[in-house]
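Reader: Please take me through one part slowly: the side chains and what they meet. Spell out each term as you go.

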Amino acid sequence: MKLNFYKYQGTGNDFVMLDNRNLLFPKEDVKLISFLCDRRFGIGADGLILLEDDEKHDFKMVYYNSDGNPSTMCGNGGRCLVAFARQLGVISNSASFNAVDGVHLASIKDDIVSLQMNDVLEVFEKPNSFYLDTGSPHHVQLVENLKDMNVDVEGEKLRYGLYGAAGSNINFVEQSSSNSFAVRTYERGVEGETLSCGTGVTAVALAMYHSKKTTSNEITIHAKGGDLNVRFEDNNGYKKVHLVGPAIFVFKGEIEC
């Protein structure tokens, strides 16, 4: 089988994109998806995303982690899919699309995509950390000397030791200024550190505001792969949450599999 694919990245979080409006891709083939995401034997990516038709919205997002399994919402993946939809001519400068966690609205100008995330009504406080769901589950923990951390080791300890087999994404955070923070994220499904995580960036911004580390509702997050911005309203929970940043087309190609 030959597959035509597109490669996108959002602040270093990279994805294999497939136009599956014909529904021909074998979505249950975990080994195939894992192969396509493999950085040595396949294309290489943090995840694979299918763009499909949707009856009520512009398109549907179907997301898989690099281990080949379906996963929860991916914020950077959603932003990149909006850019992919524009490249295919499915949308122009705005979109409404269906994902595993519900409907999302988005807009795109040049290479910058603003994606509206789900409302977050609860932030759970844990010893020295926070837990919240921004479409995917996230542990947020303030640390010192972030740049020197072994995120793979420390993230794995918490991902399994604290959250069990189901796991959680783990975010280590250090404050940079009154309204900006640096983050490094261990992603479940990837089972290691990624250069950026959109739902993680969103979780960090909300957790830092919730903990009064900042009073701003427009927050800049410095991920290893680049900067993302999060803005939101504080109104009986966090609403109209937007994740904003670049979504870049890298290349397209064909692969035999």
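**Side chains that meet**

Author: Start with Lys224 and Glu193, whose side chains meet in a salt bridge at 3.8 Å, N to O. The term means a side-chain nitrogen of Lys or Arg within 4 Å of a carboxyl oxygen of Asp or Glu. Lys224 is in the loop between β14 (218-223) and β15 (226-234), while Glu193 is in strand β13 (residues 192-194), so the pair ties together parts 31 residues apart in sequence. Helices (H or I, at least four residues) and strands (E, at least two) are DSSP runs, numbered from the N terminus.

A word on the source. The model is predicted: local features need pLDDT of at least 70, side-chain atom pairs count only at pLDDT 80 or more, and totals for chains, interfaces and linings use all residues. Residues are numbered from 1 along each chain as its sequence is written, and side-chain values use heavy atoms, with hydrogens and water left out.

Back to Glu193. This residue also forms a salt bridge with Arg184, with the closest N and O atoms 2.8 Å apart. How accessible are these residues? Arg184 is buried, at a relative accessible area of 10%. Glu193 is partly exposed, at 22%. Buried means under 20% relative accessible area, exposed means over 50%, and partly exposed lies in between (1.4 Å probe, protein chains only). Lys224 is partly exposed too, at 49%.

Within it, Arg39 pairs with Asp46, the closest N and O atoms being 3.1 Å apart. Asp46 is buried, with a relative accessible area of 8%. The structure holds twelve salt bridges. Side chains of opposite charge can pair when their charged atoms come close.

Now the rings. Rings of Phe, Tyr and Trp (its six-membered ring) pair if their centres lie within 6.5 Å; planes under 30 degrees apart are stacked, over 60 edge-to-face, and the rest tilted. By this rule there are twelve aromatic pairs. Take Phe5 and Phe251: the ring centres are 5.9 Å apart and the planes stand at 85°, so the pair is edge-to-face. It links distant parts of the chain, with Phe5 in strand β1 (residues 2-10) and Phe251 in strand β17 (residues 248-256), 246 residues apart. Phe5 is buried, at 7% relative accessibility. Phe251 is partly exposed, at 34%.

Next come Tyr209 and Phe232. Their ring centres are 5.1 Å apart and their planes at 80°, so this pair is edge-to-face. Tyr209 lies in helix α4 (residues 198-210) and Phe232 in strand β15, so the pair ties together parts 23 residues apart in sequence. Both Tyr209 and Phe232 are buried.

Some rings gather in a group. Tyr6, Tyr8, Phe84 and Phe249 form one aromatic cluster. A ring can also meet a charge. The charged end of Arg159 sits over the ring of Tyr160, 4.1 Å from its centre. That label needs NZ of Lys or CZ of Arg within 6 Å of the ring centre and within 35 degrees of the ring normal.
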